[in-house]
Amino acid sequence: MSDPEQAQEKLLSMVESLYDQFQEGIVPYLALPSRTKNNIEYDKDGEVWVYGDQKSLRSVKTIRGAKSLLRTSHLVELLIKEHLRHNRGSTLREIYYISENWDLAKFGEQGESDRLVEDLEIVTSLQREDFHVRPEEDGATVFGPLEIREQTRRGMRDIHCQEDVGEAGYQIPFNVDNIQFKDHDARLVLALETGGMYARLIENGFDQEYDVILVHLKGQPARSTRRMIRRLSLELGLPVAVFTDGDPWSYRIFASVAYGSIKSAHLSDYLVTPSAQFLGVQPTDIVDYDLSTDKLTDQDLHALRSELTDPRFETDYWKEQIKLQLDLKKKAEQQAFAGKGLDFVTKEYLPKRLSEMGLI
Amino acid sequence: MWGPSSSPLFSLIMEIAEELAKQQRAISVAEFFEKNRQILGFDSAPRSLLTPVKEAVDNALDACEEMGILPDIFVQIGRRGELFHVVVEDNGPGIVTEEVPRVFAKLLYGSRFHVLKQSRGQQGIGISAGVLYSQLTTGKPTRVISKIGPGHKACRFQLMINTATNEPEILESVVQDWDRPHGTRVEMELEGSYVRSRRQSIYSYLKNVAIVNPHARITLKEPDGNVETFERATEKLPKPAYEIQPHPRGLELGGLIKMLRYTEKRKLSSFLKGTFSSIGTITAQELCDLAELDSNRPPSELTYREAQRLIEAFRKVRLKSPPTDCLSPIGEELIRMGLDKEYRVDFVATSTRSVSVYSGNPFLVEVGLAYGGELKSDGKVGVLRFANRVPLLYQQGGCGITHAIENVSWRTYSLSQPGGGIPTGPAGILVHVASTNIPFTSESKDAIADVPEIVSEVELGLKDVGRKLRRHLSRQNALSARREKEEIIRTLLPRIAEKLADLLDREKPDINPVVAKIMSSLLVKRKLVLENGQTLVTIEVANYTESARSFRLHEMLPLEATSVDPSARVVPIGDDYDHLWDISLKPGEARRLSYALPAEEARFSDLVVEGQPSDVVAGARTVET
């Protein structure tokens, strides 16, 4: 994390460049990497996906561009004058509501203000935490043989993520860099899409039996969850497996853990776990285990086809799996294994699949 | 051979025939009506109320038009317990006393059935079917008052139809004073139901009548006492329609044989000249020669085979088109007035096609298109169909006019058309077909048949108004782009400059150089619409600079686009395809380019303008030539 002085300086230098454009008679603009599927590329050094060279120009020549620059200047004013100078902060949702007072520059929906905060991250190469902007969602939870030390506003806390927590596990704070890993007995990190599967594995004692740190992703994982997984992987040297539903949206959940997301590729170096492996549910599992399925909807099919052209899925493994699923026209949930008995997933599927992957 | 015989089989057949003959009796008019309610337009309660009003209004308009009177029509619908009380009064020429009973109380009595001329009514079923319906549902007579001129007295009747004989029954006939100079008033009671809100209501019917008859004033008094007046938009009467003789093209054999038999002409040549339009002495002789017939033969003596040869000759010989003055178009100006009067819209385009012929019948198509204003932009475009100035409210889906609208590719004309069919958008389409003989699909005259000649003429008219709409909209777009720029300069730029200066604690920067650049730029804009799995792309290019601009526009796509208009040069580059257009725009000029891509392939990079300095171009990247 950078200090408030540095954040303020970086924001002001962006403001200054816009100001200078006015002075020099250049129609003011901001150039940002275009945040589309077409413009993410593989960075060999960091083994992550980052934005490419395509830029999108935000120029005052159009109403949209002019509005966006006006919003940018309002937002920078808020970040500098309210947040950084007074050491305070707001959530993303609060920023959306604060903009109610900006009349012409008011955001139409929270998505717009969220994107603008991301834009500022990109322009300044900082993170929203540096501007004292917090996400709304609480972090997801962790359960397993791991002991951490968390710096809280009320002092240091030492917490063991099996012994000191309730059945729900340890809640990841929004700033993951406030925790240290003290000790662990784990062999592996297993990230789970659904709360149902997370609870099933805890109930069946899977974490104890195989020394696994379970991470609940809660759907598309929050930044803090992804940061936590990356730190577990890098700092403790643990392998990571991701277990999701077997549908195109879940593959994107895996992709955002392992390769980064299109929306926040500028933070890939900070959030992504390139060594993470996809465990399932694989389309081949649907066939091999004869799982109960649902039909793919038109949106599902469209999403699958679009993954075929997504650079993050450009591997033989994924091409084969996606093509098989397009043929099957079916999808399966993690919970489909319950159809074979409540213990099937922990006694049969996971041990078999994890040893196949060389993880146990 | 059939013949007298004493065989047992023969006498058995005779017995059965006699028995059958005893059971046979004339089908009464009432029975005929009951069995044919739907084809006469009495199939539902709302429609049963509408049909008599419609017939009376049609008659009134026809009568006024023939006599050159500006129509003033009053319609009143009142509730009487379960029943409805209907009054239709006009200021027409009136009906002579002797004719009144037959006009109102005898089915198939009409003056227009045998006449080839554009008129609203044709068969003579109309108003008398209303009288019959009223009498069947309420048992009450219809009251009629009519007066033919200021010097005359009015006659008042109470009429019913004798359902056994189809003859009028006069319950009362009085001569009296009436304060109107001339006109007719019909009053009847009947079963039905009154609706206002929907498309097929008396209200919409009269509103539509008012649109295509802008010379008429129509007043409607509704059951709740509300009075709607559709004012006239012009004092000018439509051009009167003339009676014509049939045109031989398209005549059928049966028709010809009937004409041959009943003609008063003694010679074939004078029959041909005198009975048909477009046949003179020379053509008549040519026809007789072709058919190998003596031109002096009496027409009634021609045999079946000879008539056949004559029909064939009609098809071979070159004939003049039928005369066209028998048709009375509404005219582009009056269509515009009519639409303007009833709808508040931004734009009206009209088109009148010249007269064409189908099966020997001259016809003419007029099309109007209204856009914007109070018309709703979601949902399908409203369609107003008219045949000889009569609104068609029912069976829209089965009508040739509708099919013609569906055949047109409206996207070309800036209206979306999801799934083909009727387009959507804030527009209304009016189509009027005028003919001496409208080919309806059924007796209830709800829909025009799919006659290829008519459908094609309607399509041509629609395309014409479509082109006018497209031109109008691209002009509007250029205007709105200008307004957009003004908004940027007036409100957004000063505020941005102020905020930036405030954050840096410096003087407010001078925004004028930037303003100048924004005002005069070459604007490029891409718009996307998703339709049926296709992404339809339009690129608008507008030159707001002070000088002419020539440049090359590049659009890089992952595959070759389809429906590219105007066509583009395509150059494969790597895995992508560069689409190139060479464009020259005068100051103030704008152009629209369009193409389509499968939705899942719709990935775009920035548009690139080659050959213009970057500070002139807005909405696209620039590269040096």
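Modeller: A contact means heavy atoms within 4.5 Å. Residues 24 or more positions apart make up 72% of the contacts in chain A with a separation of 6 or more. In chain B, 68% of the contacts between residues at least 6 apart in sequence join residues at least 24 apart.

Colleague: What kind of model is this, and how are residues numbered?

Modeller: It is a predicted model, where local features need pLDDT of at least 70 and side-chain atom pairs pLDDT 80 or more, while totals for chains, interfaces and linings use all residues. Residues are numbered from 1 along each chain as its sequence is written, chains are lettered from A and ligands numbered from 1 in the order written, and side-chain values use heavy atoms, with hydrogens and water left out.

Colleague: How many helices and strands does chain A have?

Modeller: Chain A has 13 helices and 17 strands. Both are DSSP runs numbered from the N terminus (helices H or I, at least four residues; strands E, at least two). Chain B has 15 helices and 24 strands.

Colleague: What share of the residues of chain A counts as buried?

Modeller: Of its 360 residues, 57%. For chain B, buried residues make up 49% of 625. Buried means under 20% relative accessible area, exposed over 50%, partly exposed in between (1.4 Å probe, protein chains only).

Colleague: Why is the pair A:Phe313 and A:Trp318 called edge-to-face?

Modeller: Their ring centres are 5.1 Å apart and their planes at 90 degrees, so the pair is edge-to-face. A:Phe313 counts as buried because its relative accessibility is 1%. A:Trp318, at 2%, also counts as buried. Both belong to one aromatic cluster, whose members include A:Tyr251, A:Phe254 and A:Tyr259.

Colleague: How do you know that A:Arg58 forms a salt bridge with A:Asp119?

Modeller: The closest N and O atoms are 2.7 Å apart. A salt bridge is a side-chain nitrogen of Lys or Arg within 4 Å of a carboxyl oxygen of Asp or Glu, so the pair qualifies. A:Arg58 lies in strand β4 (residues 55-59) and A:Asp119 in helix α4 (residues 110-124), so the bridge ties together parts 61 residues apart in sequence. Opposite charges can pair in this way when the charged atoms come close.

Colleague: Buried or exposed: what do the two relative accessible areas say?

Modeller: A:Arg58 has 21%, so it is partly exposed. A:Asp119 has 6%, so it is buried. Over all chains, the search finds 52 salt bridges.

Colleague: What does B:Arg47 form with B:Asp446?

Modeller: A salt bridge, with the closest N and O atoms 2.5 Å apart. B:Arg47 lies in helix α4 (residues 45-67) of chain B and B:Asp446 in the loop between β14 (427-435) and α14 (452-504), so the pair ties together parts 399 residues apart in sequence. B:Arg47 counts as buried because its relative accessibility is 5%. B:Asp446 counts as buried at 3%.

Colleague: What makes B:Arg47 lie over the face of B:Tyr394?

Modeller: The distance to the ring centre is 3.9 Å. The criterion is NZ of Lys or CZ of Arg within 6 Å of the ring centre and within 35 degrees of the ring normal. In chain A, the charged end of A:Arg227 sits over the ring of A:Tyr270, 4.0 Å from its centre.

Colleague: Which residues have the most contacts inside the largest nonpolar core?

Modeller: A:Leu190, A:Phe243 and A:Leu350, in a core of 69 residues. Its largest share, 6 residues, comes from helix α8 (residues 248-258) of chain A. Such a core is a set of buried Ala, Val, Leu, Ile, Met, Phe, Trp, Tyr and Cys residues joined through side-chain atoms within 4.5 Å. Leaving aside neighbours within four places in sequence, A:Leu190 is in contact with residues including A:Phe243, A:Leu279 and A:Leu350.

Conventions:
Phe/Tyr/Trp six-rings, centres within 6.5 Å; stacked < 30°, edge-to-face > 60°.
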